[in-house]
Amino acid sequence: MKHLYISILSVMMFSVTSCEEYTDITPKGSLVVETADQFHEMVSLPGRGYPINNFQYLSDDQWMREANVIGRTPNIDILNFTFDESVDRVSLLTGSSFYNQAYNYINRWNTIISLVDNSKGDGNTKQLAKAEAQIYRAYDHFLLVNTYAKGYDPQTAATDGGVCIMDKFDLEAQPSKSTVAQVYDFIQKDIEQALPYLQEKPLDVYHPSLAFAYAFKAKVHLFKREIAQAQEAAEKSLSYNNQIFDMVAYSKQGGPTAVAVPAANNIEVLSYMYMTGYNEMNFGQLYVISPELRTLFGTNDARFNLFFNSTSTTNLDQGSNTAYWGTQYTRFFYPTVGMKTTEVYLILAECYARDNKFNEAVTVLNTLRAKRILSGTVNFTVPATRKETMELVINERRKELLLGFNRFFDLKRLNTETEFAKTVTRVFPLVNKTVPQKTYTLQPNSRLYIIPFPLTALQKNPKLTLNTDEKVPF
């Protein structure tokens, strides 16, 4: 049997270059991967990162400091922040950490899926390793298609350009781009094949649990508007883990300055993934929230009061009504790009709202708010219409699913429905009086919502074409 060798330095962060060749001679300083247990252990990948810097300012929840915009040469951040469609973005996106890392992870999962059957060891372990890798492969394809393609629209998904599906380990592959529908079909096939073999309590927190797998399944169904299936999967996920971290009680204890809640102690976490690594929240000052989101929080929401700083003279424009995350990651771990139980509750609430079950939707929202709202109105009253109920759900998603890619993805999927589409407006600057104040507008059908593939990927794979009308500079 051919063996797979991995350099000791890259055991924890396996990349594409880690497996360029197979050999029967063990290289010095390398580990041989030849058993089912070793392949299963490879699923564990601490520090998985999904940087959002190519698109974070397209979200109405994030903001830029005025000194980083006024008088600066336009870069991708400024173009996104000012909703500027006059420039082809491709030449500005020479590379993308988000794109590269997602496909690097997919290569890792494909390595496990392709090779584990021929390894030594127990058949059940082989099947478990393969199933866990399939769930993560599906997750990474989901992130890619929701970044680089149009949001899923049942009317157009079969013809909308998607991303390249990587279903086998092949470092030299130049696959053709699949449609959005084909990518979602692939994602759902991986999920369904994996679910029967996953565990309620996996080997460690970096392996996918059944609670996470069903939560992800629910999310995929929701994005496809398969509401009955989304509800069923959400309820199944909550049957394994329905815990909500009580921020109201935590506030009475003194919050993060008094009681540290590291990642392992946050009971709602379903998957440990990060924007920038373990210490991502130390970069919170770079993630300034918009005046719109700041206002949405109000004055009695623990999600804001416990963790955000709105008074800094160093990290904020005074008078802009913005704020930034001011809590070190060692004091409180707040998931941003992975999944957690509260997202599953919000998926369930949206399913009820879309099914015109307004009482049930509000009951779920109030269950969450009981652990988030410090005083005043905790329980919503039940609206009379679907649109009003959905607005409550969407606003709770904005406040609960902070800083990562969730709001960007939500805008894209909701913009495919006339009932929930939003024209985003941004008035800027708010403080500086030396330059004219303008109102910038982002239409629901703007091409800006579809991020161009990075130039390096386009150059490597001639079959890869843009999903927008922008021009490739070669």
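**Working chat on a predicted chain**

Me: Where does N356 lie?
Reply: N356 lies in the loop between α11 (341–354) and α12 (358–369). Helices (H or I, at least four residues) and strands (E, at least two) are DSSP runs, numbered from the N terminus. Residues are numbered from 1 along each chain as its sequence is written, and side-chain values use heavy atoms, with hydrogens and water left out. This is a predicted model, in which local features need pLDDT of at least 70, side-chain atom pairs count only at pLDDT 80 or more, and totals for chains, interfaces and linings use all residues.

Me: And what is the phi of N356 near?
Reply: Phi of N356 is near 60°, a positive value in a residue other than glycine. F83 has a positive phi too, near 55°, and is likewise not glycine.

Me: Where is F83, then?
Reply: F83 sits in the loop between α2 (76–81) and α3 (97–115).

Me: Is F83 buried or exposed?
Reply: F83 is buried, with a relative accessible area of 6%. Buried means under 20% relative accessible area, exposed over 50%, and partly exposed in between (1.4 Å probe, protein chains only).

Me: Changing topic: what is the mean pLDDT of the chain?
Reply: The mean is 91, and 91% of the residues reach 70 or more. pLDDT is the predictor's confidence in each residue, from 0 to 100.

Me: Over which residues does pLDDT stay under 50?
Reply: That applies to residues 5–29, for which the model has 52 contacts beyond four places in sequence. A contact means heavy atoms within 4.5 Å.

Me: How many helices and strands are in the chain?
Reply: The chain has 15 helices and 10 strands. Its radius of gyration (taken over C-alpha atoms) is 22 Å, close to the 23 Å that the globule rule gives for 474 residues, so the chain is as compact as a globular protein of that length. That rule is 2.2 Å times the number of residues to the power 0.38. Buried residues make up 59% of the 474.

Me: Which residues have the most contacts inside the largest nonpolar core?
Reply: They are Y50, Y139, I187, F212, F216, F307 and F405, in a core of 141 residues. Helix α4 (residues 123–148) gives the largest share of this core, 12 residues. A nonpolar core is a set of buried Ala, Val, Leu, Ile, Met, Phe, Trp, Tyr and Cys residues joined through side-chain atoms within 4.5 Å.

Me: What does F405 touch?
Reply: Not counting residues up to four places away in sequence, F405 touches Y50, I52, F55, F98, Y139, L143, T336 and V337. A second, separate core of six residues includes Y206, V269, Y274 and F333.

Me: How many bridges join β9 to β10?
Reply: Five bridges join these antiparallel strands, and V424 has L442 as its bridge partner in β10. In the loop between β9 (424–428) and β10 (438–442) lies P429, joined to F428 by a cis peptide bond with omega about -5°.

Me: What order does the open sheet of four strands have?
Reply: The order is β3-β6-β8-β7, with antiparallel pairing. Two strands pair if DSSP finds at least two bridges between them. The edge strands, β3 (62–63) and β7 (308–309), each pair on one side only.
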